[in-house]
Structures are given as C-alpha cells and as structure tokens.
There are 2 protein chains.
Amino acid sequence: MRELLQQHRFDALSVADILTAAGVSRASFYFYFPSKQAVLGELVREAVAQGQQAARPWIDGQQDPVTALRAGVSDGARLWRDNAGVLMAIVENWASDEGLRALWLEQMNLFTDAAAARIHADLHVRRRLGSMDVRAAAASLTWLGERLYYLAAAAVPPFNNEEVLVDTLTNAWTSILYGDAVTHPDPARGPASAPQRQSSESVPPTPPTE
Amino acid sequence: MRELLQQHRFDALSVADILTAAGVSRASFYFYFPSKQAVLGELVREAVAQGQQAARPWIDGQQDPVTALRAGVSDGARLWRDNAGVLMAIVENWASDEGLRALWLEQMNLFTDAAAARIHADLHVRRRLGSMDVRAAAASLTWLGERLYYLAAAAVPPFNNEEVLVDTLTNAWTSILYGDAVTHPDPARGPASAPQRQSSESVPPTPPTE
DNA sequence: GGCGTGACCATACATCATGTATGGACAACA
DNA sequence: TGTTGTCCATACATGATGTATGGTCACGCC
C-alpha cells in the first residue's frame, strides 16, 4: 500500500487493489486490519517514527536558533519527500476517519508541544510575543508546516520548488518568533537578522510530522 | 445540500440524502448536476462571492495596515462561521475532484495575488522581506488562513476559540510582513500597533476565500 | 381542440466497493 | 494423530453511483 500510494491517491485505492499488490486474500486482509484506513494509520506511524528520530538533534539543540530552525525545516522537507504518498494520504483523510483524526491531531500536538516548550524556555521570544497565546502561536506554525509541505507534495506552486518552500517556512518561523525576516542567503541586504541572541536555548524547527 | 452540510460531512452525504432533502428525483438531479461534487462547487462559488465583496475595502484600503489586517482576519472568521459546512467540505475534498481542485486553487490564487499586490505596493514591507519571494510569502499567509479557519470550524483546539484564532492569524500576518508581534490587546507592552482595542468580534470579515 | 416541448418523476439496472460469512488447505507442533 | 494458527477461495448482503427508459403534467402555439 505504501508503494501504491506513491502513484495513486488513497481514496482511489480499493482494498482489492491492495490485495492484488500485496498478494494476499481478502479474508487475510480483514483478519489483520479492520479497514484500509487502519493500514494507513500504521504506515503513518512508521513514517513519523523516523521523523521523531531525525528531529531529536535540533529539539534539544544548542546551536544558533535560526540555523537550527532552517535545519529542522529542511529535515521536514526530506521526511515529506521520502514519505509523500503516505503523508498526503493522511492529510487528505484524517477528517473522515475517527482513528486517523486522533492519530494526526496527536502528532500535531506533539509537535506543537515541543515548539511551545522551546518558546517558553526562550525569554526573549516570550517577551516578543507579549501576551500572545504561546501554544496558539506554536500550533499555527505547526499547521503552517503541515499545509506547506502538503502543497509541495501536491505540486502546488510556488511550493513545488523546495528552496522556496524551505525559505518561506523558515522565514515564517523566524519572523513570528524572532522578528527577523531574512533567513535565507542574501548577501545584498541585512537590515533584519542582526546579532542573534544566543539565549540559552534556541527554537524548535522540524515540520509538523512527528 | 447547504443545510445538510451544517450537520453532516460531505462524504457522508449520498445523493439519495440530497434528493430527499431537496425533494427532487434522482433523474432531475443528474439532469442539472453531473455529481454531488459539482453541487458543492456551486455552493462554494456562492459563498466566496460574498467574501469577494467583503474583502474590497481591505484590498484597496488606505487605513493603518495592522488595523486593516485585523479587520480582514475577522471578516474571514465571520465568512467561515456563516459558511462553515460548505467551506469545510471543499477544504476536505478539493484534492479528490479535479473540478473542486481547480476552483479552490483559483480562490487561493486570487487571494494570494491581492496580498502580493499589497505587499509590492508597500516599500517598507518589500525592504523588510529582502530577497524573500513575495508571492511565496503571500501564499503562505493565504494558506495559513485556510488552515486555521478550517481548524476553527472543525473545533480543533486552540483555534476553536475565535479570539485566539483572530489574534494568532493577525499576529502571523503582521509579524511576517511588518515585524510587529503584538497585534492584540496587551497593556504591558506596545512597540508595534497603536491603540488597538480588540473587541473579539466587531471587525469586518475577509478570509482566504476570495 | 390538438400538439409539441420542457420539466419532472418512478423504476430499474449495471457496476463496483465494502465488510462479513463459511468452509477448506496446509504446516507446525505436541 | 489431533489441534491450532495462518492462509485462501468463494459467496453474499448492503449500499452507493451513474445511466437508461418510459410516463405524467402544464403550458404555449397553430
């Protein structure tokens, strides 16, 4: 099914297709899974498990916030590139299946929690956000990632260009958290990102996939 | 169908349900529409047509950017509140139907174009964005809106709270475009917006739907 | 009045997808 | 040798979609 998803949309797959591709019988399929949605759930768990690992380093990272952020965003792009079929499938279908919904919202929550914790630990960011709801800000960045990675996977311009995707998403994180606009390579100007405060902690990057 | 969508998800509706609710025969339905997706398309056109109008003021607006922004975001919230069923339906299904896909991407594009034009007209913002892709930044804000309004309609925390939704989305726009973080009511600080008083719901509407 | 036509409706069908049986083959294991 | 776990083929009940086919009824026109 993972392979089928690389070429067909989830709702275009019938269990018959899966049966054929997997070489098992209908009876066997329903013995192990209650539905094709359940299979997708398992595939998603596998995919995000990788992401969890990949995210580790920068979550507890000590490096410069913006650098860490950009690295995280790039990691996310890679995760999505490697699991485009499965991830697109759940993004398109979590609303229609209770199990998938719980799973995806949980993933988004985990990511949001990590980001919020990072923000909380950074006094400078906290001050900047003023009375803004920290969790809400973290959640919005999480979901922005979900959407942009999805659009990239769905080949929707301008996010079908990975560089644009990474620049834009990184810029969103840094702008909202630090107020610095320019995160990408541009030797021509430099009004924004000045001396980056190395406040004990940096920020949480990575996409909304773990 | 518009009424049915207030209580049931689009894919849970059969044309039989629509037939019963509308009091027409199967034959008549298929005489006027090729599928239930086509009906949804019409409903979406109706809904966003309203939005188009409501957006005008903001688009050619002369008022203070941040105020205009917040007003627009609130407008969007209202539009979504008034058309939650229809808008949730298209957000959940544009990926699975070519017609709906073209329609929704067109709407997102129109909105992105308007935002990008605004940005281009504002030298200060252009400078701040540096070499960032203006259209990409505009598109990311458009899609962030789509996602957050949708989550609010789907009752996903923390966006099920309209004030949080508006504050967060407004903050994203102002942060990314102007670098000002605080857009909401915070007597403690005030580096950005002037005397902004946010009465959760007293502003005009304009979501990412036009 | 006779008649075509447009707007509907009821019914039926072909097709396809899902999920649930039912019964049997086969190998490992005790 | 019998039990059990893993699979398969087949069939079936249900429900959804989209396509006929044929009929009713009102209206406007000659």
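These notebook entries record what I looked up in a predicted model of protein chains with DNA strands.

**Entry 1. Conventions**

I noted that residues are numbered from 1 along each chain as its sequence is written, and that chains are lettered from A and ligands numbered from 1 in the order in which they are written. Because this is a predicted model, I kept in mind that local features need pLDDT of at least 70, that side-chain atom pairs count only at pLDDT 80 or more and that totals for chains, interfaces and linings use all residues, while side-chain values use heavy atoms, with hydrogens and water left out.

**Entry 2. Chain A as a whole**

Chain A has 9 helices and 0 strands. Its pattern along the sequence reads α-α-α-α-α-α-α-α-α.

I then looked up burial, where buried means under 20% relative accessible area, exposed over 50%, and partly exposed in between (1.4 Å probe, protein chains only). Of the 210 residues in chain A, 55% are buried. The chain exposes about 8,700 Å², of which carbon and sulfur atoms supply 53%; accessible areas come from the Shrake-Rupley method with a 1.4 Å probe, and for residues only the protein chains shown count as cover.

For contacts (heavy atoms within 4.5 Å), I found that 69% of those in chain A with a separation of 6 or more join residues 24 or more positions apart.

I counted a residue as near a strand if one of its heavy atoms lies within 4 Å of it. Which residues lie around DNA strand D? They are G23(A), V24(A), S25(A), R26(A), A27(A), S28(A), Y32(A), S14(B), V15(B), R26(B) and Y30(B). They divide into 5 nonpolar, 4 polar and 2 charged; Ala, Val, Leu, Ile, Met, Phe, Trp, Tyr, Cys and Pro count as nonpolar, Asp, Glu, Lys and Arg as charged, and the others, Gly among them, as polar.

Of the atoms of DNA strand D within 4 Å of the protein, sugar or phosphate holds 58%, and the rest belong to bases.

Phosphate oxygens of DNA strand D lie 2.8 Å from a backbone N or O atom of S25(A), 2.5 Å from a polar side-chain atom of S28(A) and 3.2 Å from a backbone N or O atom of V15(B). The elements giving two or more residues to this surface are α2 (26–32) of chain A and α2 (26–32) of chain B. The largest share, 4 residues, comes from α2(A).

**Entry 3. The surface near DNA strand C**

Around DNA strand C I listed S14(A), V15(A), R26(A), Y30(A), K36(A), G23(B), V24(B), S25(B), A27(B), S28(B) and Y32(B). Sugar and phosphate make up 59% of the atoms of DNA strand C that come within 4 Å of the protein.

A phosphate oxygen of DNA strand C is 3.2 Å from a backbone N or O atom of V15(A). For side-chain N or O atoms, the distance to a phosphate oxygen is 2.9 Å at Y30(A) and 2.3 Å at Y32(B).

Here α2(B) gives the largest share, 3 residues.

**Entry 4. A152(B)**

Finally, I located A152(B) in helix α8 (residues 134–153) of chain B. Beyond its neighbours within four places in sequence, A152(B) contacts F159(B), N160(B) and L165(B). L165(B) is 13 residues from A152(B) in sequence and 7.3 Å away in space, C-alpha to C-alpha.

Methods
A polar contact is a pair of N or O atoms within 3.5 Å; within protein, one must be able to donate a hydrogen and the other to accept it, and residues adjacent in sequence count only if both atoms are side-chain atoms.
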